[in-house]
Each structure stands twice: as structure tokens, then as C-alpha cells.
Amino acid sequence: MNDKVLSLDLDDPNQLSEKESGPVECLGKTFENDQARRDYYLAILAEKLKDPEFRKIEGFPIGEDEDILNLSDPPYYTACPNPFLEDFIHFYGHPYDSNEEYKREPYAADVSEGKNAPIYNAHSYHTKVPHKAIMRYILHYTNPGDIIYDGFSGSGMAGVAAQMCGNEREIQELGYTIDEEKKYIFDGKNKISKLGSRYAILSDLSPAANNIAYGNNFDVDVNELISVSENILNSIEQEYSWMFKTKEPENGEILDVKYYVWSEILYCSNCNEEIVFSENALSDDYKNVTDEFECEYCHTILNKKNLEVVYENFVDPFLNKIIQRPKRVVTHICYSKNRRNLFKKPDEYDYEILEKVNSLPLPLTFPHNVIPDMQMMRVGRMKPTKITHIHHFFFVKHLHILNTIWNKCNSIQDFKVKEILCYWIDSNFVNLSLRNRFRPGVSFPYNPMAGVFYIPMMSSEANPFIAYRNKIKAIINAFRSVNRINGNVLIGCGSATDAQIPNGSIDYIFTDPPFGENIYYSDLNFFIESWRKVFTNTNPEAIIDRVKNKDLIEYMGLMQLSFKEYYRVLKPGRWITVEFSNTKSSVWNGIQTALSNAGFVVADVSILDKKQGSFQSVNSSTAVKQDLVISAYKPKSNLDKSSFGESSEDGVWDFIRSHLGYLPIIKRDGNELVKVPERDPRILFDQVVAYFVRHMRDVPLSSKEFQNGLIERFSERDGMIFLPEQVAQYDKARMSSTKLRQLSIFVHDEASAIDWLRQLLMDKPQTYQDIQPKFMSELAGWKKAEIQLELIKLLEQNFLKFNGQGLVPAQIHSYLSTNFKELRSLDKDDPELLAKAKDRWFVPDPNNEEQLQALRERDLLKQFEEYKTFSGKKIKQVRMEAVRAGFKKAWKDRDYETIIHIAEKIPESLLQEDEKLLMWYDQAQTRHGNTGFF
């Protein structure tokens, strides 16, 4: 494989070579050639497709056997659940060995990788993680030869990343170095991994996604691809290039059109005349468009948002009936001369070409599937388009050209070449449709809105010959930039809820699951699947979609089933990395809850910055511009067994001892150390509670008993708990760091307000008068459905105030003697020190906190009793800390009905956004005999 990215000349015959042939090895079998290998496994797959039980596998796609077989390249790639998974794992994998030495901290560094790699841009997909970002995680968690799994694999970047872990150049571009023996990889002075490819199992519900994944991951004879694609392009141009010609206004020279601008026609709301939108809204220099413009007939100032579309009737030969569509006309033509983009208005020559095109009989073999009941077709710009079938998205010229070029590509006998050719063709389907926006002032001709169906008022009908000539060059460059080893990746089509993978056989999981309601994947993939004739089975699709009656509850349930499958197939003690982005905290919380309910233990949350936002993240003020990455592990089986033996208290410390070993010891931001929140004693206690409750066991220790036990058994530094063997590493880093930075806390409820006050008072014990103005400035984000407590009540129930009597508390004394020189040598009962310390609030130590907690809990449970007796349908505002305390007590009392009853009365938004409450509610339903929250 030539690692150098080349600039190609498709007309250079010296780049062509004869196709290699000969014996091939596949899963331990030897075949005469690659076609013999494919024929052998196709026959096995054909038999499997006849089995009704095989078709009952969750997520089995919708399609005929013939179409599934035509898309498949078994055993490596099947357009259905891959029946050769066990063979692949048996041949390449290694069984779980509890004695195997394997230890990794979570990859806690925030990762930033751009989207400009050639393979990333070879074929678009709605959401995609750059393979270089995934490589960092794979290198950290795995060794060469390990098997990676992604059940939401999309375009297959996890497979690309797994193979590229053996590419020296790519490793070095990550900033790593390789030793002289080309065995180990170093990050500065530290050895972090071994050089070598990993294996990958990829699966996605969408056949279209798997088609792209196959193209991204499997090698093909590049020279043959150049030759065949050039022949096809030349053939198509000879037949259809006249469709994209125009006459230069000045000298009549015939030139190639880069694109046509089609504009919708609107009714003037005042005089009802027909107005060509672009003729009125587009500036004379073609660089700006305005929403408001003057009617050329009545001179009324109009806004496009208030105008109705003009429709025209036309005979649809595909449907054999008269239908309506928005009336559009060509208003501008972009052509190139002397490398300059020039615009002109259509003239007689251009209209003659349009008439000739419209006189041609349409190719009725063009896909004309009816569009399913999609959310996207009912909202926004799609609603007035009256599009009902896939062919309505395409210009007439493109109906002819795309149909012909698709048929030519599918006539190629060599499967890999044929599939890459189809990969090449369908990569431009969106760019060559009505979805392609004309954007004034933007020279790039392909501007569809990503991640959504959107038909603009001004569409760009792009020249397909230019589009495909540029695209094949990009694809060849991409393929030459990455390792693509046939046999290292296995692809199947099915649901992540039914992986069909043996228990405990996967070494590492990297997954990028659907983002709730952000992207309607199956709707968007229908655009390609109409050509492939194999369609997504949407029943197990994990999205929130009102049209399909899929709400947050169903989404979370499907995600939990998927994570349970991940948990089942992952080896004990190994890691899962979940990359996720969503604008709603309820969805983000649901993902974490589903992950924990499946059995995983979360060890770290970091940031993945993909450098370039999607449409939603760039333009929406509420969107998440950086993806969050959850690092979680599957506890070892011996921990599960020991945790609930004769002494469940011993199980607490077994769990904590194991859990601390999985947490990051050090987090840095430049020269600063960042506090690891997962090592906070309160977070650790939350993990214990969650672990015991999800295993249907009572928590054997109180919070105070747990806190005291931590101090007895483990080491504490800066409010964090460490194993004894971890402390030296932390102390060394602490000495070399400029400071320890606390994480920012945003106040939105009682719990976060307490955390904010604790952090404030730990740094500086203060009086009420000092605290109050700072606290008030933090309250803008307080949840409307949660009761807002007074500052004095928060202080009285959670902190202590020094009244000026007795000895100055240690925390206040330490602060004052550090920050006031004149107070440093004074005794703790000195009048001057007492006066300075009086009325300051401070954080109590664990020995003094128990009584405070008891008083607070009585107040919380008193509030909870009021909710139990509430007779209305919904409680509009609640104190969530009271609900948490009540749920905890009800669980201990085995009063599951009360948990379910109150959960259904509090505001749904608060329940969905609270991981602890969801845990109690879900487990209470299970104990009560219901199917559970999910």
C-alpha cells in the first residue's frame, strides 16, 4: 500500500495496471481466487436467508433475498445480520482469560481532531467521528490483534481507525513516536501502546450506512478503479454532455455549465402576481440574498416567509397521474472561463436545451419509491414541496444521467470494483438533487443542508460530470491515504439490541449512538437505500420521533437494550467508550442511566472536539458544540460474585478498591491539574448506591460510615480518594503543577447549589453578607419545576457558622492565617482572631456533619410526606432533594409502590433529567413486577 497521497490525472494511462489474481486465504480456508471465495460464502448466505428464524433477528433489513445477496460480500460484509461473526471471532480472537494481565486507566484527555482527512470526506454521512480521534482510544485500550466492536457503526470510521493503528505515518501524525524496532508507541517518554492493526466488527441498522462502511474499509484495485470510472465517465459524457452546455454571451463560444440556479415562484400577498424569488431577492452581484424585497408589480415590501408558493400541474410518468409541484424556473447560469466563475441569464440557446431535455422520455427504471411517513416531510421547507416519491427530489437532467451511470456501474462483474463505483455514485446523490442549495457568495457548488431534508427556494442543478470527476479523485486519494486490509473488518446489518456475538468475546467497544431527536437516520438513509433496494427496519431504531410515536422513554429503553448487549459481549474488566452529543440534558442523562443500568460503571467523562460543527451546532444557541465521551468499564466477574457474599459491607470496599483502580489518577489542562470529580467521596458513595441497587441489594453503610471507612482504608488528597499505590504518582504531579483547578459548577437545583456553596466555602469561609450577592448571580439557570430554596436554609442545613465562642475551627483558622499576615502567630482563642472569624460559614468535617445531615434528612422526609398525601394529578413544583431522600427510604423499606406513585406525580422533565431518580424508579418497577421504566 502506497501511503503517499497522490494528485491524480485520470487521463494518464501509465497509472493503469492489470488486476492481480491468484489464491486467497479467508478464515483459514484457501480459495482459487477471490470470486471463488465470494461464491462459496454466498451459497451459505443464500441458505441462511431461507431460514425463517434467521430473518427474525432484530433489525433484519427490508429487502428481497436477491437484493441482499447482490449487496453482500461474505463473509466480510453482508447486507443483513452477518452469520459469520462466530467464525471471524474464533479465527482472529482470543478467549477471555481472567489471569491475563490487563490494566488501563480511562483515556481521560480531551481529544481534538479535525475532519479534513481524505477518508473522512470521501463519502458523507450524517454523523461521523474522525478516525484519528478513535485511534487514540483504540491505541490506549487495546493491543494489536484485539477485536473492536461498534454496533452503531455508521460509515465505519471505527474500522478505519482499527486498521490505521498499524500505519506508522498516521501514528506519527497523532504526535506519537515509534521505537526503532517499530514495536512500541510513545507519547513523549511514556510507552502507551503497540504498533499494529486491530480487527473490527461493525454493525448498523442501516444498509446505506453499511454500504459506505464497506467502501471505507475494504481494499480495491485502485488502478482498475481509475480505468473503469474514467471509461464510464467518458461514455456518459459522450451521451449527455450537451445537457450542460451554454453559449458565452460575448463571442458565442460553447462552454461547460458548472450549475444552473432554479428559483421558486411565489404569489405577491398584495397583488397576487407571480414573483420569481431570485429575480427579486438576489443582489445584482449574486453575492447576497434578502428575506425582504419589493414586488416588481405593486411595489409592496414583502417577506418571503409570508408568501405562498405557486404550484403547477404535471403528468408524472412514474406514477401515471397528474400531480402538483412548486413552479420553478432557471434564472441564472454559472459557467467557467479562464478559471473564473461567471454568471449569465438563460438565453435562447439555453431554453432550446431545456426543451430538448423535457422532450426526452423519462427513464422509468429510475427509483421511484414512495417516501415513508417521515417526520422531515411534514415540517419546515419540506411541507410545501408536495414531494411524495424519491424521484421528485431530482432534476430532469439528473434523472437521465444518474439512471444511466448507476446502471453502468452495476454492470461491472468484479464485486469490489462495482461496490466502490456505486459508493462513488451515491456519494453525490444529495449534491445532485433539489436539496442542493444555491448560496450567494459561496463558490463551492455543493451546499445541501446536512442532517435534514430541506428544499431551498433557490436550488443549484450541478454539473454531474464535474462532480464525479472531482469525487473519484478524492476517493482515490482517500484510499491511498489509509490502510485497507481485506479481512480485518467484518460488517453486518442489524440492530445493536441483538448483536449475535458470543458472550465475553470483544476486547473493546467504541460507539457513537444516535443522538435522540437530533438526526432522523433512517429517513435520511432512504435517499440511498431506494437505489440499493434494501431498506432500514425502523422498528428498533433508537431515536425520538413524534411521527413514529417514539418518545424519550422508548429511546432510552432501546439504548439500554443496546448497552446490555454491549455488556454481554465485552470481556470482563474491559472498556467501552461512548461518544455522544445532544442539546437536551434529559437525553444525555438517559444515555448515562441506560449505560449504568446495563451494568457498566462510568469512570470518566471527557470532551471530543470534532473541530467543525454540524448545521445544528453552528446555528443553534442551545446546541452542544463539543461531543462528550463517556469512559465506562465492565466489572470483573469475581467482583460481582464477591460483592454480595456473607458480608455485604466487605463488598462495598471490594467495589471501591476495584473502582478506584479504573479511575484516572491525573487530569491536566496545560500546566494545571484538574480535579477528578469521580474521586470525590460523595460521588463514590453514589456509585456504591447505584451498584448495590442495580444488583437488587440494600446498601449496607450510611453516608457517614462510608466516609469514615474511606479515610481508614484509602488515601485522601485535595478532597479526592486514591489507592495507596496511586498516591505517589498524584503527589509527584501535584508538586510539578502550578495549581489544582476545580471544575466549574452551574447552579440549577438544590444539589448543585450545595456543591457550589461547598466549593466556595472550602476556598474561603465567608459571612452570609459575602455569600449572598455571589449566590444570587448564579440563580438564572434554576429549574422552573424545582422549588428554589432560600440561601439561609441551604447554609443552615448543610454547613456550620462560627458564632465567635470557643476555638476558631481549623478550616477558618487555616484560611485566615494563610491570607492575613497579622493573624498567623495568634492562638485559636485570641480575641482578634475570634473577631475576624465570627459569623463565617464553613464546611463541616465528617465528624461534625452527621448531626447536620440527620436534621436535614428529617426536613426532607417531612416534605416527602406532603407529596405522598398530595391528591392532585401533578405536583407543579417539587423539592428534588426531598424526593431523592424519600425514594431512598422507600427503597430501604421495600415500599416500591410509593416510589412509582410519586414518580408519576412529579414533573416529567425533572424525572427524566435525574439519574438517581430514574434508577430508583426503574428498579422499583422491576421489584414491583412491572416491566420497568425501560
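Predicted model: local features only at pLDDT ≥ 70, side-chain atom pairs only at ≥ 80, totals over all residues.
A salt bridge here is a side-chain nitrogen of Lys or Arg within 4 Å of a carboxyl oxygen of Asp or Glu.

Residues are numbered from 1 along each chain as its sequence is written, and side-chain values use heavy atoms, with hydrogens and water left out.

**Charged pairs**

The structure holds 48 salt bridges.

| Pair | N to O distance |
|---|---|
| Asp256 and Lys245 | 2.5 Å |
| Arg657 and Asp654 | 3.6 Å |
| Glu712 and Arg713 | 3.8 Å |

Take the salt bridge of Asp256 and Lys245. This pair links distant parts of the chain, 11 residues apart: Asp256 sits in strand S10 (residues 254–267) and Lys245 in strand S9 (residues 245–247). Helices (H or I, at least four residues) and strands (E, at least two) are DSSP runs, numbered from the N terminus. Asp256 has a relative accessible area of 40% and is partly exposed; Lys245, at 23%, also counts as partly exposed. For these labels, buried means under 20% relative accessible area, exposed over 50%, and partly exposed in between (1.4 Å probe, protein chains only).

Arg657 and Asp654 are 3 residues apart in helix H21 (residues 648–662), so about one helical turn separates them. Arg657 is partly exposed at 39%, as is Asp654 at 28%.

Elsewhere, salt bridges that share partners make one network of Asp749, Glu750, Lys793, Arg856, Asp859, Arg879, Glu881 and Arg884.

**The nonpolar core**

In soluble globular proteins, nonpolar side chains tend to be buried together. A nonpolar core is a set of buried Ala, Val, Leu, Ile, Met, Phe, Trp, Tyr and Cys residues joined through side-chain atoms within 4.5 Å. The largest one has 233 residues, and those with the most contacts inside it are Ile201, Phe393, Trp424, Phe563, Ile656 and Phe706. Another core lies apart from it, with 18 residues that include Leu760, Leu761, Ile771 and Leu789.

Beyond its neighbours within four places in sequence, Ile656 is in contact (heavy atoms within 4.5 Å) with Leu684, Val688, Phe706, Leu710 and Phe714.

**Cysteines**

How many disulfides does a search of the whole structure find? The count is 0, with a disulfide taken as a pair of cysteine sulfur atoms within 2.5 Å. For Cys80, the nearest cysteine sulfur is that of Cys493, 7.6 Å away. Cys80 is buried, with a relative accessible area of 0%, and Cys165 is buried at 0% too.

An open sheet of 3 strands runs in the order S25-S26-S29, with mixed pairing. Two strands pair if DSSP finds at least two bridges between them. Strands S25 (668–669) and S29 (740–741) are the edges, each pairing on one side only. S25 and strand S26 (residues 672–674) run antiparallel and are joined by 2 bridges. Asp669 stands opposite Glu672 in S26.

Helix H24 (residues 724–736) packs on this sheet and touches S25, S26 and S29; its direction makes about 140° with that of S26. Such angles run from 0 to 180 degrees between N-to-C directions, with axes as lines fitted to C-alpha atoms, for helices over the stretch in contact.
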